[in-house]
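Dear colleague,

Here is the structure I said I would send. My notes on it follow below.

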Amino acid sequence: MAIFAEFGQVIDKGPESEEAQMLVKKLQNYITENFYTCTDEILESLGLMYAGGGDMTANIDKMGGEGTAAFANEAIEAYILSKA
């Protein structure tokens with residue numbers, strides 16, 4: 001959740017910003033190192049889940065501020081598109 005707090009700190013810079021993109025990679029690496037191999041496809045699905053509403057969205061927004069979950073999803077989408 002600390003990574004989402006960091007997303008909240010760069011929300012004003014935009015999802016394509018270098019800071020946001022570095023956080024997407026940091027998130028992907030964290031998941032891979034601590035849970036399972038987080039492929040781009042999995043990361044993209046997680047982003048949709050983060051912004052999909054419910055408890056997950058509420059918890060992310062609680063850590064990073066209102067709109068952080070949606071911002072993280074937008075940053076993930078930009079990250080995936082930049083690699084296409």
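A residue is called buried under 20% relative accessible area, exposed over 50%, and partly exposed in between (1.4 Å probe, protein chains only). This is a predicted model, in which local features need pLDDT of at least 70 and side-chain atom pairs count only at pLDDT 80 or more, while totals for chains, interfaces and linings use all residues. Residues are numbered from 1 along each chain as its sequence is written, and side-chain values use heavy atoms, with hydrogens and water left out.

Salt bridges

A salt bridge here is a side-chain nitrogen of Lys or Arg within 4 Å of a carboxyl oxygen of Asp or Glu. Across the whole structure the search finds three salt bridges.

One of them joins the side chains of Glu6 and Lys26, at 2.7 Å from N to O. Glu6 belongs to helix H1 and Lys26 to helix H2, so the pair ties together parts that are 20 residues apart in sequence. Helices are DSSP runs (H or I, at least four residues), and they are numbered from the N terminus. Glu6 is partly exposed, with a relative accessible area of 26%; Lys26 is also partly exposed, at 37%.

Asp40 forms a salt bridge with Lys83, and their closest N and O atoms are 3.0 Å apart. This pair links distant parts of the chain, with Asp40 in helix H3 and Lys83 in helix H5, 43 residues apart. Asp40 has a relative accessible area of 21% and counts as partly exposed. Lys83 is partly exposed at 46%.

Glu19 and Lys13 form a salt bridge whose closest N and O atoms are 3.9 Å apart. Glu19 is partly exposed at 34% relative accessible area, and Lys13 is partly exposed at 46%.

Negative patch

Glu16, Glu41, Glu44, Glu74 and Glu77 form a negative surface patch. Helix H3 (40–50) and helix H5 (68–83) are the elements that give two or more residues to this patch. Patches are made of residues with over 30% relative accessible area and no salt bridge, like charges being joined within 9 Å. Asp and Glu count as negative, and the place of a charge is taken as CG of Asp or CD of Glu. The accessible areas come from the Shrake-Rupley method with a 1.4 Å probe.

Where does Glu16 lie? Glu16 is in the loop between helix H1 (2–9) and helix H2 (18–34). Glu16 is exposed because its relative accessible area is 61%.

Val10 is found in the loop between H1 and H2. At 11% relative accessibility, Val10 counts as buried. The C-alpha atoms of Val10 and Gly52 are separated by 21 Å, and these residues are 42 apart along the chain.

Aromatic residues

Rings of Phe, Tyr and Trp (its six-membered ring) pair if their centres lie within 6.5 Å; planes under 30 degrees apart count as stacked, over 60 as edge-to-face and the rest as tilted. By this rule there are four aromatic pairs. One of the pairs is Tyr30 with Phe35, which is edge-to-face at 6.0 Å centre to centre and 65° between the planes. Tyr30 is partly exposed, with 41% relative accessible area, whereas Phe35 counts as exposed at 59%. Phe4, Phe7, Tyr50 and Phe71 form one aromatic cluster.

Regards

Technical notes. Patch = residues over 30% accessible without salt bridge, like charges linked within 9 Å, V, L, I, M, F, W, Y side chains within 5 Å.
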